Amino acid sequence: MILINLLPHREAARKRRKDAFNVSLGLAALAGGLLAGAIFLAFQAQISDQQGRNQLLQTEIKRFDAQIKDIAGLESEITALRARQQAVEDLQADRNLPVHLLTELVKQLPDGVYIVSMRQDNQTVTLQGVAQSNERVSELLRNLGNNTPWFSKPELIEIVAGSVTLPPRDQRRVANFTIRVNLMRASEAEKARSAAGTVAAAPAASIPVKQ
């Protein structure tokens with residue numbers, strides 16, 4: 001017997017294929033959604049973890065900033081204490097400066113040079129005196145600038161030709177001079193003494209004379 005299928009089998013097969021495609025499409029969409037959700041959750045976990053690290057870093061930075069401020073305050077206090085200590089040491093050392101001034105001045109005076117007056121203003125000493133010649137004044141300037149750590153930057157302010165009367169009725173030409181020089185503190189003199197090889201520039205040997 002021959003059986004003839006009179007039902008629309010092509011439409012039924014097409015419907016089955018369409019249903020299978022729709023199911024596959026739905027499963028693919030579901031899988032894609034699940035994968036996207038998993039990736040989103042992973043990213044969110046990483047973001048949350050990084051935010052937690054950032055918060056920890058900010059907390060540590062704030063703590064370090066506070067410590068840095070404390071350290072800066074301590075350094076300022078240490079600097080102020082050192083400045084006060086240095087000031088006290090300078091005051092104690094300054095009490096002996098007149099002794100060093102007179103002692104070193106006697107050592108550095110060449111023959112034929114006499115100090116008439118001396119005035120001290122803080123660390124600046126002004127000397128007025130009489131010399132037998134301009135060369136003796138030049139020698140005094142060199143001695144004050146090079147031969148002692150207690151004096152620095154000697155400067156000739158004035159030199160004037162003059163004369164003195166010697167008995168019996170003998171007049172001799174002399175040079176009246178004014179010199180300004182800096183008197184070093186004990187700490188500065190010690191540094192200058194230890195700095196070997198540092199020599200101050202000698203004043204010029206030729207000194208103009210104001211008539």
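**Salt bridges, nonpolar core and surface charge**

The model is a predicted one. Both Asp19 and Lys15 belong to helix α1, where they are 4 residues apart, about one turn of the helix. Asp19 is partly exposed, with a relative accessible area of 35%, whereas Lys15 is exposed at 53% relative accessibility.

The whole structure contains 5 salt bridges. Another of them joins Glu104 to Lys107, with the closest N and O atoms 3.7 Å apart. These two residues both lie in helix α2 and are 3 residues apart, again about one turn of the helix. Glu104 is buried, its relative accessible area being 11%, while Lys107 is exposed, with a value of 57%. Burial is assigned under 20% relative accessible area and exposure over 50%, so Glu104 at 11% counts as buried and Lys107 at 57% as exposed.

A further salt bridge links Arg180 with Glu155, the closest N and O atoms being 3.5 Å apart. Arg180 lies in strand β4 and Glu155 in strand β3, so this pair ties together parts that are 25 residues apart in sequence. Arg180 is partly exposed at 34% relative accessibility, and Glu155 is partly exposed at 40%.

The secondary structure of the protein consists of 4 helices and 4 strands. Read from the N terminus, the order of the elements is α-α-β-β-α-β-β-α. Of the 211 residues in the protein, 20% are buried.

The largest nonpolar core has 21 residues, among which Leu144, Phe151, Phe177 and Ile179 touch the most other members. At least two residues of this core come from each of α2 (97–108), β2 (124–131), α3 (134–146), β3 (151–166) and β4 (170–183). The largest contribution is that of β4, with 5 residues. In soluble globular proteins, nonpolar side chains tend to be buried together.

On the surface, Arg10, Arg14, Arg16 and Arg17 gather in a patch of positive charge. One of these residues, Arg16, is found in helix α1, which spans residues 9–94. Arg16 is exposed, with a relative accessible area of 56%.

How values were computed: Residues are numbered from 1 along each chain as its sequence is written. This is a predicted model: local features need pLDDT of at least 70, side-chain atom pairs count only at pLDDT 80 or more; totals for chains, interfaces and linings use all residues. Side-chain values use heavy atoms; hydrogens and water are left out. Patches are made of residues with over 30% relative accessible area and no salt bridge: like charges are joined within 9 Å, nonpolar side chains (Val, Leu, Ile, Met, Phe, Trp, Tyr) within 5 Å. Accessible areas come from the Shrake-Rupley method with a 1.4 Å probe; for residues, only the protein chains shown count as cover. A salt bridge is a side-chain nitrogen of Lys or Arg within 4 Å of a carboxyl oxygen of Asp or Glu. Lys and Arg count as positive and Asp and Glu as negative; His and the chain ends are not counted. The place of a charge is taken as NZ of Lys, CZ of Arg, CG of Asp or CD of Glu. Buried means under 20% relative accessible area, exposed over 50%, partly exposed in between (1.4 Å probe, protein chains only). A nonpolar core is a set of buried Ala, Val, Leu, Ile, Met, Phe, Trp, Tyr and Cys residues joined through side-chain atoms within 4.5 Å.
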